[in-house]
Each structure stands twice: as structure tokens, then as C-alpha cells.
Amino acid sequence: ARSPLSVTSPCKGQSLSRDCGRRSEEMALTSEELNYLLYRYLLESGYTHTAFTFANESLVKQSGINGADVPPGALISFVQKGMLYSNIEQHVNDDGTIMDDGDDDKLASLLLPGHVQSRENEDKDDNGDGMDEDGLEVEASKITTLSGHDNEVFTVAWNPVKSLLASGSGDSSARIWHIPASESGPEAERNTQWHQLEHFNASSNEKAKDVTTLDWNSEGSLLATGSYDGHARIWNEQGKLVMTLQKHKGPVFSLKWNRTGSMLLSGSVDKTAIVWDCKTGDVIQHFQLHQAPTLDVDWRNSNSFASCSTDKTIFVCKVGEEQAVKKFSGHTDEVNAIKWDPTGTMLASCSDDYSAKIWSVKQDEPLHDLRTHTKEIYTIKWSPTGPGTKNPNKPLLLATASFDSLVKLWDIERGVDVLTLTKHTEPVYSVAFNPTGDLLASGSFDKCLHIWSVKDGCVVKTLKGASGIFEVAWNSAGDKVAACFFNKVVQVIDFDLRK
């Protein structure tokens, strides 16, 4: 039911007031509209998991509101205007005249912050931050913009074998883009072909809403997608639906193939993790260990994995065993992401408690407790270096990205941060190492993608987009970086230092 919240004129709450000197029409904000504004605020502020959970419980995705019609920051704008109207109301007499309280600047000062902030932003844009002067901005001819999604693009993933890029969006679809290997810019945009992977509800044939996660198998022949409708789907590289995996009762937030491609692991808001047989689509095992939504899963090897949750815990499990192999309980807030190191001996985790931790199944307490971020840590990535990688002579590093706008690189042997990357000004959602581990890409809601030198922490290249970035990813050749944006596009940078 639509429950309107009345928004009246600022004249003492009267919706039709002659005292105001004009007719004022009453506006209405329905509960569905308010829920959508809250959902968008959470999403734009970086609370992605909370946003999906709230949308699931409030059924905001069934409201029929076209997100493209709602400008970014709409809720903040409404609140600011409401505060302004409330203050004006305190300074207006019943007859509509302005009170003389001896402080003529008070009313005007309420109008200044927005104008001042706007002016400050203009000054920042005019002055820049030195990137252009240093020649660090990516040339337009090296940027390929992929348009076609009708809503924000949450996730991207490169095929490990071919020049294919998958993207998942809030428009109920994923796409597989055939990226020209030797072209970029407008020429590549003209020559890029794609397959659209529409996600429909099998029972109602209605669109299934957000595609939340993507993962290619190691051979690059199959793509798994997770959706807001609680289903996982497997597609071939031509975009044909191979099978739909239906067991979860809530949105699927993470999907991972095991190394052999024989099993698929999924984690859901329904608090569970499921291991699927990818040949038959059958459930191999249903793990019901967490007490709250499962946020991330990651394989340790071909038959054991870890899962983390908003219940602050991490479980290490083995297929075929009902009980967890290990439980880690050191975090004091939601655990957002987990990643095994290349050898599968250390597990990294990051949390809303501002910390990242390194765990070993051989002990209950963390090997290292990494605590120099000042806000929630959203994601972590291990470098493709050290034992068990193609770059065994380079040291192993861990990257952490936080809502404090910082990216940090950690020496895991010593448990200390060796570099703090400070160019971003808004929450950082995603980081990705290139295949050699020499470069790190980061994407933030400040609209910037930075490529950093791991050696000295200097910015090598920068892409300034038109909206916030949800995820960044390198291709297997290390010469292209993809980023997905809030404004419905995907951009690919042709990146090769040799050129």
C-alpha cells in the first residue's frame, strides 16, 4: 500500500495558506519513494551490501520507480531542503512577514553552504590536482566506452583466455563484450560486439533485477552470474543460458568457480553457502553455518573454501564434511570480503570494524591484525607474486581499500603497511593488481580510476570518469583495464607502458 508522507509548505505547516501570500500545493512522498531514496543513498554512500539487503526486505525493486529519473544525491537534497524550510519557518511570522531577530545574516547563511560548496567544486575543477600538468590522464584515444546498460553497472570480469569482458548491471542483465585486442577509442567502440544476457524469473518471466556478481571458469568457456532474485546462472561465452541454479532464498552476493571448474560456490543473503555440480546443476552441499547474510566466499583449493558474513564470523569448510573445519571470530563488525593467498595457507579478511586480518587454519588468533585505516574496509586483494604464482621472486603483498579514501599495501611477513596511496577523495570500492604484480588499479566514487606503481606508490595513469566506479579489473595480458560506473557505462583503458 502506498502510504504518503505529506510535505507541506514552510508556512506553519499549512498546505494552503493565504498568509504566505500565494497558493502552496501539497506534495506527497510515498513510502515506496522514500524507501527508494534510502536505497539509493546507501548505494551511493558505499554501503552496497546493506543497500541490497534493505532493497530485498523493503521490496523496493518492485516499486516500478525508474532509477534513471532519480538524480544522484536525491535524499541528501531533500533533507537539506527540509532543513532549510524548517529554518525559514522559524523566521516567518503568522502573517507571512519575516521576523526581525537582530541577525539578518542567519537566514542568508543557510543558503550559502550549497553555493559555497558548488563554488569550491568549480574551483577544484578549474585548478585540477596536477594530473593534467603531469601528463597522467589517459588519452581519449586509449579509452573505449561501452554503452548499452540501462542502469548502474555493478561488476566486471575479464575472460581469462579470450578478449571478452563480462559486465553485470542493475538493469537485470549481464553483457559479454567482444573487445578488439588491437584497437581502442572510437574505432574499438564501433567494432565491439556483445551478447546480452537477460535475467528473467523462471516462474513469472519477469525481469530478475540486479546482477550482483560475475565469475568466469578457468577455461573461459562458462560465465556464472548471481542475481538479486536468489538464482545463479551459467552461460556459455556466446551468451546462451546453460542452466539456472535455484535453491537460495535471497540475493546472491558472491560466486566462485573452483580451480577445476567442476563446482561452483555461491553465497547469499539467506545466510547460506551452496556448492553446485556444474555438469548437472545439482546441489552437492548446502552449508547453513552463518547467523546472518553471507557476503563473500572464496575457494582455498578444489574442495575447501571460506565464507564470511554480517554476523562477524568466518568459516572454513570442506566439501563432504558437515561441520566447519575452522571458525574465526576476531572481527567486531560485518566481514565484507575474504581472499586466500596464492598458496592457500593464509586467509585475508576485511571488515566494517576498520581492520583487515590475516588468518591461518593452524591457530585461532589472527597472524596479523592490520589496523591503520580509519573507516570501513570494503575490499582486499593479494598480489600475484611470491610462492605459488608466476612471479615467485617478487614479494607477496596485500592491498586494502577503504571508505577513508585510502588504499594501502601491506608487507605480510612483517604485518606492516609499506605504502599508503592517497590520491582518492571518496570511498574506494575496488582494487586489482596487473598480472605481473607491478601495478595496482583502484576505482572510487570520486569518479577516478588510478593506476599506481607498486614499487614507489606513484600514480602512473589516471582516468577521470563521469560518475562513481564500482569495480576495476585487468585482463590476463595486462594491457587493458576495465571499470564499471554508476552512470550505466563500462570503460576500457588500453594500457601499455611500452607504447
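Which residues are linked with K256 in a network of salt bridges? In this predicted model, the network joins K256 to D296, D298 and K339. Across the whole structure there are 14 salt bridges, and a search for aromatic pairs finds 15.

**Salt bridges**

- Within the network of K256, D296, D298 and K339, the contact between D296 and K256 is a salt bridge whose closest N and O atoms are 3.8 Å apart. Because D296 belongs to strand β16 (residues 294–299) and K256 to strand β12 (residues 252–257), this pair ties together parts that are 40 residues apart in sequence.
- D296 and K256 are both buried, so the definition places each of them under 20% relative accessible area.
- A salt bridge also joins the side chains of R233 and D229, with an N to O distance of 2.8 Å, and here too both residues are buried.
- D417 and K408 form a further salt bridge, in which the closest N and O atoms lie 3.4 Å apart.

**Aromatic pairs**

- Among the 15 aromatic pairs in the structure is that of F154 and F470, whose ring centres are 5.2 Å apart and whose planes stand at 65 degrees, so the arrangement is edge-to-face.

**Strand β21 and its neighbours**

- In strand β21 (residues 347–351), 5 of the 5 residues are buried, which means that the strand is largely enclosed by the rest of the structure. Both of its faces are covered, with L347, S349 and S351 buried on one side and A348 and C350 buried on the other.
- Strand β20 (residues 335–340) pairs with β21 in the antiparallel sense over 5 bridges, and within this pairing I338 stands opposite S349 of β21. The two strands form a hairpin with 6 residues between them, and in its turn G344 has a positive phi of about 75 degrees.
- β21 is also joined by 4 bridges to strand β22 (residues 356–359), the two running antiparallel, and W359 in β22 is the bridge partner of L347. β21 and β22 form a hairpin as well, with 4 residues between them, and Y354 in that turn has a positive phi of about 75 degrees.
- Taken together, β21 has antiparallel pairings with β20 and with β22, while its residues are buried on both faces.

Terms used: Residues numbered from 1 in each chain as written. Predicted model: local features only at pLDDT ≥ 70, side-chain atom pairs only at ≥ 80, totals over all residues. Heavy atoms only, no water. Salt bridge = Lys/Arg side-chain N within 4 Å of Asp/Glu carboxyl O. Buried < 20%, exposed > 50% of the residue type's maximum accessible area, 1.4 Å probe, protein only. Phe/Tyr/Trp six-rings, centres within 6.5 Å; stacked < 30°, edge-to-face > 60°. Pairing = 2+ DSSP bridges.
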